Amino acid sequence: MQIPQTSQAAQVTVTGSASQTPALTPGQVAQAVVISAGKAGENVDIQLAGRVITIQAGVDLQRGQTLELQRTDAGASDKVALKLLSVAAVTSVMPNFRPGQTLLAEVIKLLPQQSILLALPQAGKLPVPLELDISRLNSSFKPGQQLLLQILGNAPLSVALKTPNPNLSENLISQQRRLLPFVFAQPPQLQNVINSLPDLRTMTPVQNALSQLWQNIRETQTVQQSANLQQAIQQSGVFLERQLMQPNPVISGDFKANLLKLAAALEGQIRQTANGQINAQNLPVEIRNALINLLNQPSALQQLPSHITNALMASGQTPAQLLTMLLAGQGLAGNTSPNVQNLNLQNISVQQSTQNAQFQAGVNELARLQVLLREVETAIARVQMNQLNMVREADNPAQPQVWLMDVPLRDKQQLQWMQLQLQRGTKQDEQDAEQWQVTLNLETQNLGKLRASIALQTNNVSVSLTAEDPEAVALLEDNIGLLRDKLSALDLQVQRLSCHCAPVEWLSPVAQTDSSDALLDISV
């Protein structure tokens, strides 16, 4: 350790702005690390109390040296005066790095010649400065940015830079954006999926998965009993992951689990059908693989240049027919040889027509399977969006917590939905009683779309019923006394009961955040 011998050598001048100077009390002693070298009287950057400041000292300083500074002014003005008490020699930190080690680092400064200066925190010690050459990286960095530094080797030192995992809020937003294209205002009816059940006899895995899904959806009449309603809510899909954490989970009746099984069965059938159609043709492997990918997404057949599409339409052909003709022609050409000169032209025409018909049937089958898969993926996305909206950050307990569940119900051969939303109110005072808001949406054949809004605090309850059909409102008003008696039998004090005629909209699982009102999220 070196101690300045003269007052001039011990004098330190802060050349940066006062707002960047760490808050040190007069007389306080603190340690700093030199992050850019300089001779006596030259500008030198140091890291002091978590901030980077520029100083001029009366001695030469090297990067990595530890300084002991003391504030010497009285604190009456904005100008800060520091005194250099000691300068420690540079200690090598390279032997402490081990290949495979991952360290948290902070970008301290952008240096010339495409280099950055990092600070590596140490437990109970000052951060270790490290300069890295980033000339071969396409990424951009900024001071204060957090990075993960993975040590790849020591001789010479080679590292990999990674961005730390985003926090919970960023993860939720990213997942919600991914699901948005699949989520609509109304819960999916899965009508094509349900109607296709009798036509899936040749597709045993798909038929079994669809039968398991449909048979485990409760009938509408059964949920009038509280026990059945509770079980229908538990099996609506939003609690699947929680059930999987149990020792011996029983998920055969869970809606989301059965949707995932059906999606997997459809994907397997799509691959099998596409492979069978393509492998029947005499094509090179590269073309065969490309066609399999193309036929897995029949809509991609329409993504041809406009002049090709216009020419096909002028001749009365579609892109799908073009592909059919190419494959049929390729298969026929592959079987043609000079020895087959006497083949009847009529037989060629029949053979080509048969191949075209078979291939077109395969294309149509693939398109139908894709429609079914899309419906299933939409239903899965709806459940996942509800699950994500139920997650609340631990550091934001003041935010009202909302649970929205779409409960599937079976009404003969149609899928009906009952929406249940629970919201816990925020307390203005610790002594206030807990408040709950419950909203129930359902659609019945006799009354149409209904909504029940329930407010509950201790044993006080208020209920508001809304229906779209005026006749349904009149019927509800005639029986509202029965509802009052039922609530009173549960030891609830009925504060208000009312009926209204108004449109009933489905509750949307798309979260409305207050973080930004911008229509686009952009970074410049």
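Reply: Buried means under 20% relative accessible area, exposed means over 50%, and partly exposed lies in between (1.4 Å probe, protein chains only). Take Leu-409: its relative accessible area is 5%, so Leu-409 is buried. This is a predicted model, where local features need pLDDT of at least 70 and side-chain atom pairs count only at pLDDT 80 or more, while totals for chains, interfaces and linings use all residues. Residues are numbered from 1 along each chain as its sequence is written, and side-chain values use heavy atoms, with hydrogens and water left out.

Me: How many residues does the protein chain have, and what share counts as buried?

Reply: The chain has 524 residues, and 35% of them count as buried. It holds 13 helices and 17 strands. Both are DSSP runs numbered from the N terminus: helices are H or I with at least four residues, strands are E with at least two.

Me: What pLDDT does the protein chain average?

Reply: pLDDT is the predictor's confidence in each residue, from 0 to 100. The chain averages 77, and 72% of the residues score at least 70. Over residues 327–344 the pLDDT stays under 50, yet the model has 18 contacts for this stretch beyond four places in sequence. A contact means heavy atoms within 4.5 Å. Where pLDDT is low, the predicted coordinates should not be read in detail.

Me: What does Leu-409 touch, not counting residues up to four places away in sequence?

Reply: Leu-409 sits in strand 12. Its contacts include Ile-217, Arg-218, Thr-220 and Val-223, and also Gln-414, Leu-415, Gln-416 and Met-418, with residues up to four places away not counted. Ser-236 is 173 residues from Leu-409 in sequence, but the two C-alpha atoms are 9.5 Å apart. For the chain, consider contacts with a separation of 6 or more: 56% of them join residues 24 or more positions apart.

Me: Which residues have the most contacts inside the largest nonpolar core?

Reply: In soluble globular proteins, nonpolar side chains tend to be buried together. A nonpolar core is a set of buried Ala, Val, Leu, Ile, Met, Phe, Trp, Tyr and Cys residues joined through side-chain atoms within 4.5 Å. The largest one here has 41 residues, and the most contacts inside it belong to Leu-190, Phe-255, Leu-259, Leu-262, Leu-266 and Val-376. Among the elements giving two or more residues to this core are helix 7 (255–279), helix 11 (345–390), strand 12 (401–411) and strand 13 (414–424). Helix 11 gives the most, with 9 residues. Val-376 contacts Leu-190, Val-193, Leu-259, Leu-262, Ala-263 and Leu-266, leaving aside neighbours within four places in sequence. A second, separate core has 19 residues, including Val-12, Leu-24, Ala-57 and Leu-82.

Me: How many aromatic pairs does the structure hold?

Reply: Rings of Phe, Tyr and Trp (its six-membered ring) pair if their centres lie within 6.5 Å; planes under 30 degrees apart count as stacked, over 60 as edge-to-face and the rest as tilted. The structure holds 2 such pairs. Phe-255 and Trp-417 are edge-to-face, at 5.7 Å centre to centre with 80° between the planes. Phe-255 lies in helix 7 and Trp-417 in strand 13, so this pair ties together parts 162 residues apart in sequence. Both Phe-255 and Trp-417 are buried. Trp-403 and Trp-436 are stacked, because their centres are 5.9 Å apart and their planes stand at 25°. Trp-403 is in strand 12 and Trp-436 in strand 14 (residues 435–444), a gap of 33 residues. Trp-436 counts as partly exposed, at 23% relative accessibility.

Me: Which residue lies over the face of Trp-214?

Reply: A charge sits over a ring if NZ of Lys or CZ of Arg is within 6 Å of the ring centre and within 35 degrees of the ring normal. Here Arg-410 lies over Trp-214, at 5.7 Å from the ring centre.

Me: How many bridges join strand 7 to strand 10?

Reply: Two strands pair if DSSP finds at least two bridges between them. Strand 7 (residues 102–111) and strand 10 (residues 146–154) run antiparallel, joined by 5 bridges. Thr-102 has Gln-150 of strand 10 as its bridge partner. Strand 10 also pairs with strand 11 (residues 157–162), antiparallel, over 6 bridges. These two strands form a hairpin with 2 residues between them. Across it, Leu-149 stands opposite Leu-161, and Gly-153 opposite Ser-158.

Me: Is Ser-462 buried or exposed?

Reply: Ser-462 has a relative accessible area of 16%, so it is buried. Ser-462 lies in strand 16 (residues 460–467). Beyond four places in sequence, Ser-462 touches Ser-453, Ile-454, Ala-455, Gln-495 and Arg-496.
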